[in-house]
Amino acid sequence: MNLDQFDLNQDHQTIRKALQKAKRRNLLRNILISFVISVLVLISFIFASKQIMDYHFYHVREDIETFGEITRPNVEFISFPTISEGLLQNESVLYTYKNIEGRPIKWEEELYVYSLWGTYTKMSTNLKFWSSGNQNKTKLAYNLHTFQRELLFYLPFITTYETYMNHLEELDELQNGAAELAISFDKPYTVQQIRSMLPEGVYPQWYWVDTYDDKPGLMPRTRSYNVTNEKGQVIGTETATELIKDPYPSYLVYGFKNKSDSASEQDFIESLEKGMKLNGKHQLEYQRIFNFLRGQKEKPDAEDVKIFGVVVTGSKEHLKHLKGVPYARAIVLGASG
């Protein structure tokens with residue numbers, strides 16, 4: 001072959017173009033493969049995230065409902081729908097109501113956020129506000145979400161409250177025919193005793209339990225102060241015990257529902273044991289109450305559950321029969337319907 005017929009420069013350009021074309025094809029192919037893999041990974045992550053969120057939702061709901069068995073006096077759940085979904089967290093709202101003699105009364109809507117890692121947070125807060133009510137009436141607590149009366153509870157081992165509420169005289173002022181009352185006892189009673197004590201037509205709905213493992217820390221403080229004469233000279237000392245102004249709101253007490261005529265103190269223990277098995281957000285609180293009740297024993301029994309009060313419902317006429325009962329230190333009006 002004649003060297004004049006063989007163009008090395010032209011052959012080099014052809015090879016270079018072929019290599020560049022092959023590189024572009026490889027680049028496009030790699031980009032396409034990466035895109036497809038990314039889409040598949042994203043779809044898989046979304047699908048896996050949905051499955052994980054559904055799994056956590058079940059456990060979050062179980063944890064909230066189980067804790068509600070020993071809290072929330074006379075409050076029932078309606079539903080717990082998810083209102084917002086994301087890759088890393090979802091939002092759900094817990095709708096609740098109160099049952100006042102067969103009539104449902106709208107109660108709080110609680111917002112919860114739960115994450116892909118199984119943790120959850122209650123975003124709404126349990127708030128109450130005080131109103132002085134009518135002239136010469138004691139201040140009343142109202143629920144900020146519903147503007148209904150908030151139940152309040154008085155500890156029987158504390159005798160230095162500034163005032164004790166008794167709202168039986170206010171029943172006639174209610175526009176509705178039925179209501180709930182929180183009765184704070186003068187001492188602990190059993191379920192059977194409470195049932196026999198309550199007048200006909202007054203129905204127990206929820207029992208308030210002694211879970212106070214630090215009673216000395218709750219007692220009012222006693223202060224000493226100097227006594228002076230007209231000249232300002234100290235002539236001695238005196239002591240005075242502080243008065244406690246506010247009773248406990250409903251979201252800070254523990255107890256159990258009167259689910260049926262066979263309800264007993266054992267129901268509270270079973271709810272504690274169920275909660276401890278969940279190993280959820282309230283694990284330490286379940287364990288604290290359980291340890292307090294059992295004392296030095298392996299586990300508590302029904303006799304260890306002391307009832308400090310009860311939430312009852314009834315018509316205005318039947319609730320008036322509680323007037324003058326010796327076991328009630330305070331009677332606080334709650335929601336009405």
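This is a predicted model: local features need pLDDT of at least 70, side-chain atom pairs count only at pLDDT 80 or more; totals for chains, interfaces and linings use all residues.

Now find helix H4, residues 266-278, and helix H5, residues 283-294. Their axes are 9 Å apart, and the two helices pack at an angle of about 140°. Angles over 145 degrees would count as roughly antiparallel, so H4 and H5 are described as oblique to each other instead. The crossing of H4 past H5 is left-handed.

Which residues do the touching? From H4 come Phe268, Ser271, Leu272, Glu273, Gly275 and Met276. On the H5 side they meet Gln283, Tyr286, Gln287, Ile289, Phe290 and Leu293. Sorted by class, that contact has seven nonpolar residues, four polar ones and one charged one.

## An open sheet of five strands

Next, look for the sheet. Five strands build it, in the order S14-S10-S15-S9-S16, with antiparallel pairing, and the sheet is open. The edges belong to S14 (255-257) and S16 (328-336); each has a single partner strand, so one side of each has no neighbour in the sheet. From one strand to the next, the twist averages 25°.

Let's zoom in on one pair. Strand S9 covers residues 178-189 and pairs with S16 over six bridges, in the antiparallel sense. Here Ile183 sits opposite Ile331 of S16.

UniProt, in an unreviewed entry, puts a "domain: Sigma factor regulator N-terminal" at residues 16-104. In the model, this span is 60% helix and 24% strand, and its end C-alpha atoms lie 82 Å apart.

UniProt also lists a "transmembrane region" at residues 27-48, again from an unreviewed entry. How much of that stretch is helix? Residues 27-48 are 100% helix and 0% strand, with 31 Å between the end C-alpha atoms.

Definitions and conventions:
Residues are numbered from 1 along each chain as its sequence is written. Side-chain values use heavy atoms; hydrogens and water are left out. Two strands pair if DSSP finds at least two bridges between them. Helices (H or I, at least four residues) and strands (E, at least two) are DSSP runs, numbered from the N terminus. Axes are lines fitted to C-alpha atoms, for helices over the stretch in contact, and angles run from 0 to 180 degrees between N-to-C directions. Angles under 35 degrees count as roughly parallel, over 145 as roughly antiparallel, 65 to 115 as roughly perpendicular and the rest as oblique. A crossing is left-handed if the near helix is turned anticlockwise from the far one by less than a right angle, and right-handed if clockwise. Contact means heavy atoms within 4.5 Å. Ala, Val, Leu, Ile, Met, Phe, Trp, Tyr, Cys and Pro count as nonpolar, Asp, Glu, Lys and Arg as charged, and the others, Gly among them, as polar. UniProt positions are given in the numbering used here, feature names are shortened, and annotations may be inferred rather than shown by experiment.
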